[in-house]
Amino acid sequence: MTTDPDSLIHGYLDDVLDAGQIDQLNDWIAQDPEHARRFASHALVNDRLHDRFRHAAVLRLTVPEAAAVSFRTGPRPWRRLASLLATAAVAVMAVLLVLQVASSRRTLAAQAELTRLIEVSRRATDRSYRIISLNKPQPPGRPPGRDPARVRPPIDGAILHVRGGTHYVLVRRFQNGEAFLTGSDGRESWAIPPAGPVLVSPDPTHFRGAAPGEKQNVPFQIPEALSRLRDAYDVEIEYGDSGRGVFSRLVARRRSSTERGPLRVELWFDSGSDVIDRMRFEGLPAAQGAPLSLELQLIEQRDLGPDFFDHRSHHAPDRELKEETTP
Amino acid sequence: MNEKTHEVARLWTLAQPAVSAFVASMVRDIHARDDILQNVAVAVLDSFGSYDPSRPFIAWAIGVARNQVRLYLRRQSRERLAFDQPALDHLERAFAEISSRDVRMLDYLDDCVASLEQRGERLCELRYTNDLKPAAIAPLVGMSPNGVAKALQRIRDLLRVCMENKAALDGF
């Protein structure tokens, strides 16, 4: 061994070893259980030093009298105080552990359920949702003079079809009933206005920006949306009763104002199948006006067939195609 | 608090120093250690019904901690543990066998820290209160990173000897 074992141990605890030295340390520990005991002994002291200094910093803020005791000339008073604090701390820790555990258990249960919902949403059969805007109705129709291919109908009343985490078709309608479709088959994305060419992009995410909330980090790719909840939101759960048709409810609140995305998300789901029946997104930032709030309601689950997410399933075969290149 | 919870709390309080040191040595980030330790506490409470009282509690809790460490690293998309399975097996056993004497000896840490020279205490403040590594500490104290690392090693060795001497004087 090119470096002595104790230097390797201390270097590891201070995170200054390179990969080769870590391998040396690993091999040395694996050689003999006594080496592992020596490592554990050093690690125990190192870990206690972390706690000792962090707690002392807290005590300096909360117990100024204790901080004034001379360390070097009167160890006994400090030892008695430290002993009392340690004893009290252990008792308090035991109680706090129980309380913390109870609260942590709910948070962990919610996180675990969210993980299951994400996995199921990736694997589930095709699903169709109706989108309801919870805001005041937006005026539909086309402003005069604008390119019809660039005008989007409102999101209220739209139907969203999804498959896994990559395939979607969003169907929106103008007041006159004409449909505007956007979608992706995971390889390319497309937009089909009522008239004019079909726009196609090799970027499967290109037309996601057309929907409200998409630019604000809330895609309608459901597994991706749920994964963002796990990372940046505080999550709680209330269990329902699957056998009696009572849905469970998961509530996620955004932790930081600097994070993008809705302020609050609620999911209603069947805890037996982990299929989401309803999703509500509140406080989606809007380019203009008040924040958006949307609800997605499950309409049906059925296999939509192999070609549903290909744009060719939704327009006449001789319709002009135009590659979309603008960002 | 019912009897079961009381028993778990009692066993956990005794095991916590060893479990904490084990977790810290696996992740080497004090905040990650805190997060994982909280999860271990929850898992211990949740699965206490499956604990076999004929086995040492610390060994069982270390096993729970090992699983929580792996779960944490997987969630963080981090690289694997620094140690391979043979080393890990030895380490789990070593931490599980940390004696009550070793833990009681830590009671003398405050006294021993108090006997450090000012520079030593300053290095410890920077390392443990501020959670700085030697490279970050070096410019603050006018030393090289290697010098800081060596100094921290000497300080910890001094503290260990101090604690052992005090424990011996007190008869254990």
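**Strands, loops and a cavity in a predicted model**

Reader: In what sense do S6(A) and strand S12 (residues 321-323) of chain A pair?

Author: Strands here are DSSP runs of E with at least two residues, helices are runs of H or I with at least four residues, and both are numbered from the N terminus. Two strands pair if DSSP finds at least two bridges between them. S6(A) and S12(A) are joined over 3 bridges, and in S12(A) the bridge partner of Leu199(A) is Lys322(A). The sense of the S6(A) and S12(A) pair is parallel.

Reader: What pLDDT do local features need in this model?

Author: Residues are numbered from 1 along each chain as its sequence is written, chains are lettered from A and ligands numbered from 1 in the order in which they are written, and side-chain values use heavy atoms, with hydrogens and water left out. This is a predicted model: totals for chains, interfaces and linings use all residues, side-chain atom pairs count only at pLDDT 80 or more, and local features need pLDDT of at least 70.

Reader: Are the residues of strand S6 (residues 198-201) of chain A buried or exposed?

Author: In a regular strand the side chains alternate between the two faces of the sheet. In S6(A), Val198(A) and Val200(A) point one way, and Leu199(A) and Ser201(A) point the other way. By relative accessible area, under 20% is buried, over 50% is exposed and anything in between is partly exposed (1.4 Å probe, protein chains only). On both sides, the residues of S6(A) are buried.

Reader: Which residue in the hairpin of S5(A) and S6(A) takes a positive phi?

Author: Strand S5 (residues 189-192) of chain A pairs with S6(A) in the antiparallel sense over 3 bridges, with Ser189(A) opposite Ser201(A). The hairpin has 5 residues between the strands. The residue with a positive phi near 90° is Gly196(A).

Reader: Which residue in S5(A) stands opposite Leu181(A)?

Author: Strand S4 (residues 179-185) of chain A pairs with S5(A) in the antiparallel sense over 4 bridges. Their hairpin has 3 residues between the strands, and Gly186(A) takes a positive phi near 90°. Both faces of S5(A) are covered, with Ser189(A) and Ala191(A) buried on one side and Trp190(A) and Ile192(A) buried on the other. Leu181(A) stands opposite Ile192(A).

Reader: How many helices and strands does chain A have?

Author: Chain A has 327 residues, of which 43% count as buried. Its secondary structure comes to 6 helices and 12 strands.

Reader: Why does Ser7(A) count as buried?

Author: Ser7(A) is in helix H1 (residues 5-13) of chain A, and its side chain makes a polar contact of 2.5 Å with that of Asp4(A). A polar contact is a pair of N or O atoms within 3.5 Å; within protein, one must be able to donate a hydrogen and the other to accept it, and residues adjacent in sequence count only if both atoms are side-chain atoms. Ser7(A) also touches Lys150(B) and Gln153(B), leaving aside residues up to four places away in sequence (contact means heavy atoms within 4.5 Å). Ser7(A) counts as buried because its relative accessibility is 10%.

Reader: What is the relative accessibility of Leu49(A)?

Author: Leu49(A) is in helix H3 of chain A. Residues up to four places away in sequence aside, Leu49(A) touches Leu109(B), Val113(B), Tyr128(B), Arg156(B) and Leu159(B). Leu49(A) counts as buried, because its relative accessibility is 0%.

Reader: How much space lies in the largest cavity?

Author: On a 1 Å grid over the protein atoms alone, a cavity is a set of points where a 1.4 Å probe fits but cannot get out. Grid points are joined across faces, edges and corners, and a volume is the space filled by probe spheres set on the points. The structure holds 4 cavities of 30 Å³ or more. The space in the largest cavity is about 130 Å³.

Reader: Which element gives the most to the lining of the largest cavity?

Author: The lining has 14 residues (each with an atom within 4 Å of a point), and Leu13(A), Asn46(A), His50(A), Ala24(B) and Arg28(B) lie nearest the centre. Two or more lining residues come from each of helix H3 (33-62) of chain A and helices H1 (3-27) and H2 (30-46) of chain B. With 4 residues, the element that gives the most is H3(A).

Reader: What is the phi of Asp15(A)?

Author: Asp15(A) lies in the loop between H1 and helix H2 (19-31) of chain A. Asp15(A) is partly exposed, with a relative accessible area of 37%. Its phi is positive in a residue other than glycine, near 60°.

Key: On a 1 Å grid over the protein atoms alone, a cavity is a set of points where a 1.4 Å probe fits but cannot get out, and a pocket is an open set with protein on both sides within 12 Å along at least five of seven lines; lining residues have an atom within 4 Å of a point.
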